[in-house]
Amino acid sequence: MIETITQPWPWYTAGIIIGLIVPTLLILGNKHFGISANLRHMCAACFPSNIPFFKYDWKKESWNLFFIGGIFIGGFIAAHFLGSDAPIVIHPALQKELATYGITDLSGMVPTQLFALHDVFTLRGFIMMVGGGFLVGFGTRYAGGCTSGHAIMGLSDLQWPSLVATICFMIGGFVMANLILPFILSL
Amino acid sequence: MKTQKEETDFEVRSLDTMCVNESNLSHPWWYNFKYLAVGIVFGIVFVKAEIISWFRIQEMFRLQSFHMYGVIGTAVVVGAISVFLIKKFNVKTIHGEEITFTNKKFNKGQIYGGLIFGLGWAITGACPGPLFAQLGTGVLAISVVILSSIAGTWVYGKFRDLLPH
C-alpha cells in the first residue's frame, strides 16, 4: 500500500481524483472549481488601489484562499512524506534538447538550473520567473479563468467559451514551447 | 439601499471569473477548513502524478507524452458526468442549498487572455494551482513567479477598460 502511494501515480488516477473535486466543491457549498481568481482576491485584499476591478468584498471568496492554502500544504506533505525524490523519466528528445541549454539536472518537479532565486537577476532567469509569472497572472484574468476554471470546470459544464479559452491556452503553449522558448533558454 | 450595494459587489466580483458563489447562509469562518482539506488532496495529487513538473508540461506542448492529456481529459469526463448527475437529480449541498450554474458569456478576452496565459504556462511550466503546490514542495524561487502573477493580475485590473473584450 505504502509502496503504491510513494510511486508516481498514473494519469487516470490523477484525472479521476481531480475530476471528483468538481462535484465535491459543489456539494460542500456550491463552489465552482477555480484557482486563478485567488490572484485577484489577493490584489483586492492587499493592493485594491481604488481600482474598480478590485473593489469588492473579497472575504466572500475566502473559501478559495483556503483551497489554495490546502494545495500548498498538500505539496509540502507529498514532497516530504510521500517520497517523490526520484528523478523523473522524460522523453529522450526533450532530455537531449534541454542538455543543449545546459539543463541536465532532472531531479525534482522544477528544474533548479532554471528556477533559482539567485538567477532572478540574469536575463534568462528574469524572463522565466518574472516574465512567465506576469503572463500567467495577466492572461488568466483576461481570459476569466485558468486550467481549472475553464478547462476543467467550464468544460465539465459544457460551456463553449471555456472551450475557446482552453484551445487558446494550448495554442499559446505550443507557440511558446516550440518557437519562442528555445530562444529564451539559449540566452 | 443595502441590497443595492450588495448587488453591485456581486456584479464586480462576477467580472472575468468562473467562480462566483453567493450563499445566503452565513457560516463561521472555520467552515472553510473543508475547502482546505480538499485542497490538500489536490496538492498531493499534483505532486504524486507529476502534474506540477515543468518537464511534463514541456512534453505536453511538444506532443512527447500523453500524460497531461490523459490527466486533463479524464478529469473533464469525470467532472462532466458529475455535473450532469447533479443537474439531473437536482442534488443539493450538504447544507441543503441549491447548486447553481451560470452560463459563461463569450468575450474576446477568452481568446487574447487565453493566448497570453498559454505563453506564460509554457515558460513557468505551471498554471496557478501547481504554482502553489510547487512552492509547498519547497522551491523558494516560485515565490517570485507567484508575486509576478499577482502583479500581472493587478496590471490587468488597472488597464481592464482599455483592453478589447
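Trainee: At what angle do helix H3 (residues 37-46) of chain A and H7(B) pack?

Mentor: The model is predicted: local features need pLDDT of at least 70, side-chain atom pairs count only at pLDDT 80 or more, and totals for chains, interfaces and linings use all residues. Residues are numbered from 1 along each chain as its sequence is written, while chains are lettered from A and ligands numbered from 1 in the order in which they are written. Axes are lines fitted to C-alpha atoms, for helices over the stretch in contact, and angles run from 0 to 180 degrees between N-to-C directions. The axes of H3(A) and H7(B) are 9 Å apart, and the angle is about 75°.

Trainee: How are H3(A) and H7(B) therefore oriented to each other?

Mentor: Angles under 35 degrees count as roughly parallel, over 145 as roughly antiparallel, 65 to 115 as roughly perpendicular and the rest as oblique. H3(A) and H7(B) are therefore roughly perpendicular.

Trainee: Which residues in H7(B) do A:Leu39, A:Arg40, A:Met42 and A:Cys43 meet?

Mentor: Contact requires C-beta atoms, placed from the backbone, within 7 Å. The four residues of chain A lie in H3(A), and their partners in H7(B) are B:Ser149, B:Ile150, B:Thr153, B:Trp154 and B:Gly157.

Trainee: How many nonpolar residues does the contact of H3(A) with H7(B) have?

Mentor: Ala, Val, Leu, Ile, Met, Phe, Trp, Tyr, Cys and Pro count as nonpolar, Asp, Glu, Lys and Arg as charged, and the others, Gly among them, as polar. The contact of H3(A) with H7(B) has three polar residues, one charged residue and, in the nonpolar class, five.

Trainee: Is H8(A) parallel or oblique to H5(B)?

Mentor: Helix H8 (residues 160-185) of chain A packs against H5(B) with the axes 6 Å apart and an angle of about 40°. That angle makes the orientation of H8(A) to H5(B) oblique.

Trainee: What is the handedness of the crossing of H8(A) and H5(B)?

Mentor: A crossing is left-handed if the near helix is turned anticlockwise from the far one by less than a right angle, and right-handed if clockwise. For H8(A) and H5(B), the crossing is right-handed.

Trainee: How many charged residues are in the contact of H8(A) with H5(B)?

Mentor: The nonpolar class supplies 19 residues to the contact of H8(A) with H5(B), and the polar class five.

Trainee: How many residues of chain A are in contact with chain B?

Mentor: On the side of chain B, 113 residues take part. By class, that side has 63 nonpolar, 37 polar and 13 charged residues. The residues of chain A in contact with them number 121.

Trainee: How many helices are there in chain A?

Mentor: Helices (H or I, at least four residues) and strands (E, at least two) are DSSP runs, numbered from the N terminus. Chain B has seven helices and zero strands. In chain A there are zero strands, and the helices number eight.

Trainee: What percentage of the residues in chain B is buried?

Mentor: A residue is buried if 20 or more other C-beta atoms, placed from the backbone, lie within 10 Å of its own, exposed if 12 or fewer, and partly exposed in between. Of the 187 residues in chain A, 52% are buried. Of the 165 residues in chain B, the buried share is 52%.

Conventions: Two residues are in contact if their C-beta atoms, placed from the backbone, lie within 7 Å.
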